Amino acid sequence: MILRQSEPLWRRTRGCACATLMLIASNAAVSEEAAETTIADPSAPVDEVRVLARRIDLSVSGGLVPENTFDEGAIRGLATSSLEELLDELSPELTSGRGGSDGRPAYLVNGRRISNFREVRSYPPEAVDRIEVFPEEVAVRHGFRPDRKVVNIVLKEHFRSLE
């Protein structure tokens, strides 16, 4: 679709919005009542758009079972004030015994690679749902060196906090 500056804004964005909605709808599970409803005039304004989809799996892909999992109770029991302190407490469980590395793990947040641990080190431990530790073989799948363990930090879905 070619967008022209001379067209009104609603006309320029309508095609993009329709394409986006079609993409979302193709990946979403549509309820029966929404499937029965059709829009007669695509140029008519829409009051509400409801998209239903399956929850994204926050674990590491491939159905791998972690070597070790620390749940919310274990995390709370360590009584730390930041994610950095929490992982320092867990460091004996997170370091690799294989040669050739400094032993530091590779980090994922909700199953996705992060650029640097500094992005999440100040998160409160209360925001963490669980921590999963995977063996060194999983590191290659996520673009890390094969001599590092992989730590997946799964955050709570709805967490709010004030400082």
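How many salt bridges does the count come to in this structure? The model is a predicted one, and the count comes to seven salt bridges. The paragraphs below take up some of these pairs, then the nonpolar cores and one of the pockets.

**Salt bridges**

| Residue and accessibility | Partner and accessibility | N to O distance |
|---|---|---|
| Lys149, 13% | Glu67, 46% | 3.1 Å |
| Glu72, 30% | Lys156, 26% | 2.7 Å |
| Asp129, 28% | Arg130, 23% | 3.3 Å |

The bridge between Lys149 and Glu67 links distant parts of the chain, since Lys149 lies in the loop between helix H6 (137–141) and strand E5 (150–155), while Glu67 belongs to the loop between helix H2 (32–36) and strand E1 (68–70), 82 residues apart. Lys149 counts as buried because its relative accessible area, 13%, is under 20%, whereas Glu67, with a relative accessible area of 46%, is partly exposed.

The salt bridge that joins the side chains of Glu72 and Lys156 also links distant parts of the chain, with Glu72 in helix H3 (residues 72–77) and Lys156 in the segment after E5, 84 residues apart. Glu72 is partly exposed at 30% relative accessibility, and Lys156 is partly exposed at 26%. These two residues, together with Arg76, are linked in a network of salt bridges.

In the bridge between Asp129 and Arg130, the closest N and O atoms are 3.3 Å apart; Asp129 is partly exposed, with a relative accessibility of 28%, and Arg130 is likewise partly exposed, with a relative accessible area of 23%.

**The surroundings of Lys149**

Which residues does Lys149 touch, leaving aside those up to four places away in sequence? The residues in contact with Lys149 include Glu67, Glu93, Leu94, Thr95, Ser96, Pro105 and Ala106, and also among them are Val133, Phe134, Pro135 and Glu136. The side chains of Lys149 and Glu67 are also joined by a polar contact of 3.1 Å. Arg104 is 45 residues from Lys149 along the chain, yet the C-alpha atoms of the two are separated by 7.6 Å.

In soluble globular proteins, nonpolar side chains tend to be buried together. The largest nonpolar core here has 18 residues, of which Leu83, Leu87, Tyr107, Val128, Ile131 and Ile153 touch the most other members. Helix H4 (83–89), strand E2 (106–109), strand E4 (128–134) and E5 are the elements that give two or more residues to this core. A second, separate core has seven residues, among them Ala106, Leu108, Ala139 and Phe144. Ile153, a member of the largest core, touches Leu83, Leu87, Tyr107, Leu108, Val109, Asn110, Val128 and Arg130 when residues up to four places away in sequence are not counted.

**The second largest pocket**

Rolling a probe the size of a water molecule over the atoms shows where empty space is left. About 390 Å³ of space lies in the second largest pocket, which is lined by 17 residues, the closest to its centre being Arg104, Pro105, Tyr107, Phe117 and Arg148. Which element gives the most to the lining of this second largest pocket? H4 does, with three residues, while H4, helix H5 (91–94) and E2 each supply at least two residues of the lining.

Notes:
Residues are numbered from 1 along each chain as its sequence is written. This is a predicted model: local features need pLDDT of at least 70, side-chain atom pairs count only at pLDDT 80 or more; totals for chains, interfaces and linings use all residues. Side-chain values use heavy atoms; hydrogens and water are left out. A salt bridge is a side-chain nitrogen of Lys or Arg within 4 Å of a carboxyl oxygen of Asp or Glu. Helices (H or I, at least four residues) and strands (E, at least two) are DSSP runs, numbered from the N terminus. Buried means under 20% relative accessible area, exposed over 50%, partly exposed in between (1.4 Å probe, protein chains only). Contact means heavy atoms within 4.5 Å. A polar contact is a pair of N or O atoms within 3.5 Å; within protein, one must be able to donate a hydrogen and the other to accept it, and residues adjacent in sequence count only if both atoms are side-chain atoms. A nonpolar core is a set of buried Ala, Val, Leu, Ile, Met, Phe, Trp, Tyr and Cys residues joined through side-chain atoms within 4.5 Å. On a 1 Å grid over the protein atoms alone, a cavity is a set of points where a 1.4 Å probe fits but cannot get out, and a pocket is an open set with protein on both sides within 12 Å along at least five of seven lines; lining residues have an atom within 4 Å of a point. Grid points are joined across faces, edges and corners, and a volume is the space filled by probe spheres set on the points.
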